Amino acid sequence: MQNFPRDEKTPVDQVLTALALAGAAALLWAVWLGWDQQRDVQPDGTETGPYQAWQVIGLVITLLAPVYWAASRRYVNATVFGITAGLTGAAFHDWSDDASGLYALGVAMIMMGSLGVTGLVAAAIASRARRTGRTGGSATGG
C-alpha cells in the first residue's frame with residue numbers, strides 16, 4: 001500500500017495562512033503604492049493619480065506569488081480572505097485622511113474587486129493543483 005501525504009487543513013493552518021497573506025498584501029501595497037501620495041497635474045490643469053498604471057500592475061503581478069503559494073496548497077478560503085483583508089486594510093489606512101469621505105467608496109471597490117479576482121484566481125489554481133495531484137512547489141510534487 002502506498003503512503004500518500006496527508007492533505008488536512010486545520011483551522012490553525014487556515015488562520016495562519018490568511019494572516020500571512022494579509023500581511024504580505026499590505027506590505028506589497030506599501031511597496032508599490034504607499035509611497036506615492038502626490039497627484040499629478042496634467043498640462044490642461046486636470047489632476048490624475050496618485051498612482052501610475054505601472055504601480056498597480058506591479059502590485060497585481062507580485063501578489064500572484066503569494067496567491068499561487070497558498071492556493072496551490074488548496075488554502076482557497078484563506079487566500080481569498082487574507083489578500084482581500086490585506087488590500088482593504090492598506091487602502092483604508094492609506095486613504096482615510098481624505099476629507100471628502102469618498103475614500104470609503106474606493107475602499108469598498110478595492111474590497112469587492114480583490115474578493116472577486118482573488119477568488120477566481122485562487123479557485124483556478126487550486127483546481128489545477130487538484131487535477132495534477134500537486135500541492136504547489138514541493139520537490140516531489142506532492
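This section describes the fold, the helices, the nonpolar core and selected residues of a predicted model.

The protein chain contains four helices and two strands. Read from the N terminus, its elements follow the order α-β-β-α-α-α. Of the 142 residues in the protein chain, 32% count as buried. The protein chain exposes about 9,000 Å², and carbon and sulfur atoms supply 66% of this area. Among contacts between residues at least 6 apart in sequence, 65% join residues at least 24 apart.

The buried residues of H1 are Thr17, Ala18, Leu21, Ala22, Ala25, Leu28, Trp29 and Leu33. Their cover includes H2, H3 and H4. In H3, the buried residues include Ala78, Val80, Ile83, Leu87, Ala90 and Ala91, and also Thr79, Thr84, Thr88 and Asp94. The buried residues of H3 pack against H1, H2 and H4.

In soluble globular proteins, nonpolar side chains tend to be buried together. In this model the largest nonpolar core has 22 residues, of which Ala25, Trp29, Leu33, Leu59, Leu63, Ile83 and Leu87 touch the most other members. Two or more residues of this core come from each of helix H1 (11-34), helix H2 (53-72), helix H3 (76-95) and helix H4 (103-132). Leu59 is in contact with Leu28, Trp29, Trp32, Leu33 and Leu87, leaving aside residues up to four places away in sequence.

Two residues of helix H2 were examined individually. Gln55 is located in this helix, and it counts as buried because its relative accessibility is 0%, below the 20% cut-off. A polar atom of the Gln55 side chain lies 2.7 Å from the backbone nitrogen of Gln52. Apart from residues up to four places away in sequence, Gln55 touches Trp32, Leu33, Trp35, Asp36 and Pro50.

Ala70 is likewise placed in helix H2. With a relative accessible area of 0%, Ala70 is buried. Its contacts, again not counting residues up to four places away in sequence, are with Thr17, Leu21, Tyr75 and Thr79. Ala70 and Ala20 are 50 residues apart along the chain, and their C-alpha atoms are separated by 9.9 Å.

Aromatic rings were considered last. A pair of aromatic rings is described by the distance of the centres and the angle of the planes. The count comes to five aromatic pairs. Trp35 and Trp54 form a tilted pair, with 6.4 Å from centre to centre and 35° between the planes. Trp35 belongs to the loop between H1 and strand E1 (40-41), whereas Trp54 belongs to helix H2, so this pair ties together parts that are 19 residues apart in sequence. Ring pairs also link Trp29, Tyr51 and Trp95 into a cluster.

Key
Residues are numbered from 1 along each chain as its sequence is written. This is a predicted model: local features need pLDDT of at least 70, side-chain atom pairs count only at pLDDT 80 or more; totals for chains, interfaces and linings use all residues. Side-chain values use heavy atoms; hydrogens and water are left out. A nonpolar core is a set of buried Ala, Val, Leu, Ile, Met, Phe, Trp, Tyr and Cys residues joined through side-chain atoms within 4.5 Å. Buried means under 20% relative accessible area, exposed over 50%, partly exposed in between (1.4 Å probe, protein chains only). Contact means heavy atoms within 4.5 Å. A polar contact is a pair of N or O atoms within 3.5 Å; within protein, one must be able to donate a hydrogen and the other to accept it, and residues adjacent in sequence count only if both atoms are side-chain atoms. Rings of Phe, Tyr and Trp (its six-membered ring) pair if their centres lie within 6.5 Å; planes under 30 degrees apart count as stacked, over 60 as edge-to-face and the rest as tilted. Accessible areas come from the Shrake-Rupley method with a 1.4 Å probe; for residues, only the protein chains shown count as cover.
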